[in-house]
Amino acid sequence: MNRCAEHPRGDPCLLLPEWAQAQIATLQSQLAEREAELKRRELKIHQLTLELAHHRRIRFGAKSEVLGAEQRELFLDSRAEDEAAILAELEQQRAARPARQAKRTGRHPLPAALPRIEHRHEPASCTCGTCGAGLVKIGEDISEQLDVEPARFFVHRHIRPQYACRRCETVTAAPVPASLIDGGLAAPGLHAWILIQKYLDHLPLYRIEKISERHGAPIARSTLAQWVGQLGLAPQPLVDRLSTLLKRGQVLHSDETPVQQLDPGQGKTRRAYLWAYRSNELEGAAPIVVFDYQASRSGQHARDFLQGWQGRLMVDDYGGYKELFRQGVTELACLAHCRRKFFDLHAAHPHPVAEEALRRIAELYAIEAQARDADATVRLALRQQEALPRLGDLHGWLCAKRRVAADGTGLARAIDYSLKRWPAILRYVESGQLPIDNNPIENAIRPICLGRRNWLFVGSERAGQRAAAIQSLLATASLNGLEPYAWLRSTLEKLPVWPHSRIDELLPLGSRVIDVDATSKDVIDTRIIPR
């Protein structure tokens, strides 16, 4: 046995022919390639498994990201000790305080604002059925049932007597009030009902046509389409005003969702986008939502809408917003998006690291819940004292877990998403008026996403812009506690003769309007004052 010159310590190495060494090198190279391919396939399988579990949960399972009861129990430290301590404290409190009246259980009473129709049910006889003596009323048993009356079509018949003056030969009659559609067949109430059905309840026109026909007042779909097209232009000044007031806020939410738009030339649909912007509810102003329909997802649309606005913008990690941040807008990152990455990983199959991340993030949301009804000063103090140390611990823990996580895995991607956006995530603790996540704008978009299953696609870009305008008004009305139909009907009645200088009084901001200086056409004081 010969020794190889490459091993000075004398390790045995058989001298092989060159062809054998070349064959061994080839086999080793093939083995390395197969191991790399196997690793890639295992990683791909892991990614697809995670994605499949996510889509199955979205389609078949609960849509909420709230963990199940068995998972929540994992987050309760020293549960038995805490229960014993709580029970002991309750016994002490019960001994020291007088007994309280038991909380009433059962269904909630029907809203007092609903109209009541009384039905009095008297006994068949006013005499006692046993002895024949007269009955004396000693009380009443009152029960209530909720009922509904479907859409009821009726006709307003306007009669305007005409009076003539024989001396000057003139005719006098009451003037015909202005209308959004001159000489139209429909009253403002019907116009409002159609818009609510189409844009709030997401019913296509052919379904509205069937409803009207079923109730004995058939309205052709072509007539409905004509009314919707004409009515869609009327509220645009209100939407423009809402956009102006929205951009007076120092903090905004933004998001976008895809919609299908009909492409007649191609005989199919193409993707367009509904951009959404919402005011910050922690600033105390009246909530405003504005939708902006655009043909693409280009970040230029956001820059055009927010042109000249400088503030803090809460968004997801979409790259279309990055140019805004280079132009002076400050980025705020959504903690709920970070949580969602770990939740999807844990929902696919139990993962201890993802579970711990969810527990730590839950602590941050618990702190926010404590300050939900507090003012900005109290919220800031609580964030600085409670949330900031936990965020520091969470960052250090994520960094440590990332060093041992394999690249490309679901855990690595979830951690990388959070670490990449960490400076923007951390900013919310700098003030008591900054939001922790982008959930408010997602909640505003959600009804539209659900409605897509009804209308499937938008007929044209103009139709999409019309829908965005009307949905902006209806969504803002709902956020301000207004009943959308009642507000829209009243507004459609007033719009034809309403002066533009008083446009703020028509905005769907509830009992709050914007204080306007009479010497200026623009708002100079954005304080909210009672109407």
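Modeller: Let us begin with a term: a residue is buried when its relative accessible area is under 20%, exposed when over 50%, and partly exposed in between, with a 1.4 Å probe and protein chains only. This is a predicted model, in which local features need pLDDT of at least 70 and side-chain atom pairs count only at pLDDT 80 or more, while totals for chains, interfaces and linings use all residues. Residues are numbered from 1 along each chain as its sequence is written, and side-chain values use heavy atoms, with hydrogens and water left out.

Biologist: Is tyrosine 318 buried or exposed?

Modeller: The relative accessible area of tyrosine 318 is 19%. Because buried means under 20%, tyrosine 318 counts as buried.

Biologist: What kind of aromatic pair do tryptophan 275 and tyrosine 318 form?

Modeller: Rings of Phe, Tyr and Trp (for Trp, its six-membered ring) pair if their centres lie within 6.5 Å, and planes under 30 degrees apart count as stacked, over 60 as edge-to-face and the rest as tilted. The rings of tryptophan 275 and tyrosine 318 are 6.5 Å apart, centre to centre, with 50° between the planes, and the pair they form is tilted.

Biologist: How many residues apart in sequence are the parts that this pair ties together?

Modeller: Helices (H or I, at least four residues) and strands (E, at least two) are DSSP runs, numbered from the N terminus. Tryptophan 275, which is buried at 0% relative accessibility, lies in strand S4 (residues 268–279), whereas tyrosine 318 lies in the loop between strand S6 (312–315) and helix H9 (322–326), so the parts tied together are 43 residues apart.

Biologist: Why is the pair of phenylalanine 153 and tryptophan 193 given the name it has?

Modeller: Phenylalanine 153 is partly exposed at 25% relative accessible area, whereas tryptophan 193 is buried at 16%. Their ring centres are 5.5 Å apart and their planes stand at 80°, so the pair is edge-to-face.

Biologist: How far apart in space are tyrosine 273 and tyrosine 293?

Modeller: Tyrosine 273 lies in strand S4 and is buried, with a relative accessible area of 10%. Tyrosine 293 is among the residues in contact with tyrosine 273 (contact means heavy atoms within 4.5 Å) once neighbours within four places in sequence are left aside. The two tyrosines are 20 residues apart in sequence, and from C-alpha to C-alpha their separation is 6.1 Å.

Biologist: For the chain as a whole, what share of the residues is buried?

Modeller: The protein chain has 17 helices and nine strands. Of its 531 residues, the buried ones make up 35%.
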